Amino acid sequence: MAAAVVDGGMKPLQNAMRMAKVAIQLDAGNRHKVYNVMLPNEEVLQQSNGEMVAVEVEKMLKLAEQCLERANDLFPKLNHLFVSPSVSPQEPGMDSKLNSRRGHCRVLSEGGGEVSPFLPPEVFQRFQAMESLDTRKELTPIEEASRLNQKLKANYEARLARLPPAQARIQKTSLTLSFQRQMMENLIIAKARQDAPDWCCVCAVRRRFAASGCISEEEQEQRVLYTNVLEYEQDHDWPKLWKARLKKYPDDVTLVSGLVSCLLSCPDHPVMKLLKRHQYKVYNRLYPIVSKSLPASPAQLIKPSHSTQSLSIPDSRRSASESSVGHSLSSNASLNITTSNEHRAKEAELDVDGHHTPNRENSFEDLEQFLSQLDWKPSHGDHDMAFEPSQLVDQESLVQDLEMRALKDHLKGIVKDIHIAIDQLLSLCLLSFECLNTASSKDLCLASLEEAFFTPVWSPLLALFRKVHRQRELSFESSMRLYQEASPGDVGVAPGLYPQDPAVLHGSYPYESAVQELRLLCGDCCPQKKLDCIVRTLRVICACAEDYGCLHEAGSKTAAIGADDLLPILSYVALRCELPQLVSECAALEEFIHEGYLIGEEGYCLTSMQSALQYVESLHTGGFLQHNSKFT
Amino acid sequence: MASGGGAGGSNKTYSFKVVLLGEGCVGKTSLVLRYCENKFNDKHITTLQASFLTKKLNITGKRVNLAIWDTAGQERFHALGPIYYRDSNGAILVYDITDEDSFQKVKNWVKELRKMLGNEICLCIVGNKIDLEKERHVSVEEAEGYAESVGAKHYHTSAKLNKGIEELFLDLCKRMMETAQAEERAKGNGVSQSTSSRRGVQIVDDEPQAATVAGGCCSSG
């Protein structure tokens with residue numbers, strides 16, 4: 001569907017009609033997404049407004065209107081899909097169930113073969129756009145012109161109808177011509193208005209950035225953004241009102257949060273537009289990787305001989321070829337990441353190739369050899385190659401190795417992009433509202449921006465982290481299974497810190513409240529909230545430990561617990577939590593924790609959590625744990 | 001109102017991270033509790049009890065925020081150490097003067113810290129439990145000699161008798177401030193704090209810079 005929109009060779013109206021038809025058919029079958037893809041028609045409409053025959057314009061408008069209406073109806077229903085909670089999509093043993101469920105909401109533009117829990121970027125962007133449709137009040141110059149032209153058209157039609165039959169033929173031509181000219185002019189003026197920034201604003205921008213001598217690309221971009229902000233403020237009163245209010249009561253914290261939430265609810269404000277743009281960019285980079293596959297179930301991965309199942313990025317044709325050929329590899333399976341037209345992925349691949357780092361030259365040679373073998377082997381069908389199993393084991397591990405490296409590089413790039421995006425958003429926000437440039441307001445601003453930014457992208461982002469930390473999660477899972485019935489003492493918690501008598505616990509287990517608290521972490525979609533959740537978990541642990549301590553030695557006040565006691569308890573709590581994705585969540589949190597929190601309580605709690613998780617991962621190999629032979 | 005990169009550094013607050021290392025029974029928890037549990041103000045005890053403590057100090061007119069990170073001393077957690085002590089400004093390595101083995105452990109940690117953090121970290125080697133002087137198994141000469149050889153300072157404390165603890169922390173803070181100031185000078189005065197990397201001291205302006213540039217002609221309502 002999406003491809004059809006891009007296809008410029010088609011006549012817009014025909015194209016739109018055809019798409020609408022398909023949409024209506026699919027609508028009956030409950031496949032709503034297609035409407036999101038329909039929306040590009042709006043743009044097609046605007047572009048061709050000037051040159052199209054009036055009748056066609058009308059038809060198009062009507063069509064677009066219907067589509068929009070339908071899409072708006074569906075939007076609330078779909079919203080929950082879009083901001084789907086990051087419930088572990090790769091829960092062991094759940095794969096088949098989930099797959100069948102997802103089959104219903106498969107994404108049409110994927111060609112039908114792939115099943116993905118994530119929306120394709122085009123659809124993601126439509127959602128972003130639709131969010132703003134509801135609240136849009138202001139029209140861009142082009143939109144305004146388009147409205148004006150509709151009025152003109154109505155006038156023109158009215159005048160045509162009133163023409164006396166005798167003069168009709170001569171006058172009609174001149175009327176039509178002047179009508180067309182006027183429409184054209186309107187559009188040209190609008191275009192000029194849209195492109196050229198207000199001179200007054202240009203002056204203000206120059207003044208603002210006067211200090212900097214030479215202009216870097218970054219500064220240039222910032223100037224453009226700031227111009228947008230000034231233009232926006234020319235057309236809107238609310239920023240001025242808020243600024244005045246904040247000037248009057250600079251210490252009012254509620255005013256600050258009021259302003260921030262007001263800003264976040266204005267999709268037209270340049271800050272929010274920038275946010276959407278960055279969000280889309282990040283999503284676009286995540287999608288090609290996270291949509292391709294769900295990692296194979298853990299049981300398959302633990303098997304000593306790796307099959308193609310375990311390739312983290314299988315070719316889309318894999319499922320078809322697998323049934324016929326026992327061990328098959330499609331020629332582009334190993335380089336699947338690079339086949340996406342993703343710029344950064346190419347960079348990552350360059351790295352894999354070893355052009356940059358000399359110590360990777362060997363692996364490059366191996367890869368070259370491997371790829372050339374692929375070329376020489378006779379092919380089964382299209383791209384599929386058959387290999388002797390023994391040959392494959394080495395090469396597969398090599399491919400996996402390379403893939404993992406490429407994935408890591410890709411992840412690193414995305415994390416960096418997110419940091420840059422958030423920095424840019426905050427600075428534009430502070431540029432727009434200087435009154436927010438105080439330590440506490442800035443924190444609030446940053447927290448709100450981050451929440452808005454991360455909420456829709458966290459689950460695909462986490463999916464990538466989970467791919468990268470797959471092995472760690474598997475270790476965690478193994479330990480989890482081994483220690484299912486373990487008592488706190490089995491993981492080294494001091495006997496005085498948990499009740500020996502189960503009756504005291506009334507049917508629950510020690511530290512259950514902390515376990516419950518930690519489980520909430522996966523429900524949040526914003527790093528700061530997740531971090532708060534970890535802090536709360538540790539506090540609950542301390543409170544529990546104190547209670548249990550009192551049970552043992554009434555009277556003698558036991559010393560407050562230190563890290564010697566905390567870490568074993570936290571490990572126990574993490575085990576009982578039974579959520580391997582915690583490993584990836586924490587790895588992601590570490591990337592996004594604010595510098596200011598790093599040495600504070602939040603930083604300490606995250607570090608302790610990370611340590612506990614690492615300890616749990618090592619449990620199933622008996623790594624550090626020597627005193628306990630029961631489980632090894 | 002703090003000026004951007006002016007010379008007036010008096011209203012800056014230093015934030016230091018200090019890790020606490022030592023074997024299980026050497027009394028490191030009691031040591032920090034003693035230090036932070038001061039009778040005039042006991043709200044320094046956070047909800048994380050003795051594992052993470054903060055203390056605010058005022059040293060020669062400069063404000064200092066201390067964050068004291070306790071670490072697990074058990075052998076099986078040893079491999080997890082590095083993620084605790086990265087970015088530390090100081091380390092307090094505690095041993096029990098009646099336990100030779102705990103002193104050997106301190107030596108291991110010193111090696112690891114120096115390897116990871118170089119010479120920028122201020123090390124304190126602390127012989128605790130001097131109330132049990134009669135049972136001493138680590139000689140004063142050996143301990144002090146070793147400390148000097150690795151560029152660390154040696155202290156004797158008793159958490160039980162509340163001896164030597166205040167001095168230990170005050171001394172450590174002064175040394176960390178000196179290190180931080182030297183680092184600042186090396187960087188040059190004009191450099192803003194935004195360029196400081198994650199590693200090292202964080203210097204936070206108490207009050208944020210207020211942007212002085214007025215709004216443009218369009219935005220003034």
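Buried means under 20% relative accessible area, exposed over 50%, and partly exposed in between, with a 1.4 Å probe and protein chains only. In this predicted model, local features need pLDDT of at least 70 and side-chain atom pairs count only at pLDDT 80 or more, while totals for chains, interfaces and linings use all residues. Side-chain values use heavy atoms, with hydrogens and water left out.

**Aromatic pairs**

B:Phe103 is buried, and B:Tyr146 is buried too. The structure holds 20 aromatic pairs over all chains. Rings of Phe, Tyr and Trp (its six-membered ring) pair if their centres lie within 6.5 Å; planes under 30 degrees apart are stacked, over 60 edge-to-face, the rest tilted. The rings of B:Phe103 and B:Tyr146 have centres 5.9 Å apart and planes at 80 degrees, so this pair is edge-to-face. Helices here are DSSP runs (H or I, at least four residues), numbered from the N terminus.

In chain A, ring pairs link A:Phe453, A:Phe454, A:Trp458 and A:Phe592 into a cluster.

**A helix crossing in chain A**

The axes (lines fitted to C-alpha atoms over the stretch in contact, with angles from 0 to 180 degrees between N-to-C directions) of α22(A), residues 470-482, and α27(A), residues 601-619, come within 7 Å and cross at roughly 65 degrees. The two helices are therefore roughly perpendicular (65 to 115 degrees). Contact means heavy atoms within 4.5 Å. A:Arg472, A:Ser475, A:Phe476 and A:Ser479 in α22(A) meet A:Leu613, A:Gln614, A:Val616, A:Glu617 and A:Leu619 in α27(A).

Key. Residues numbered from 1 in each chain as written. Chains lettered and ligands numbered in written order. Parallel < 35°, antiparallel > 145°, perpendicular 65-115°, else oblique.
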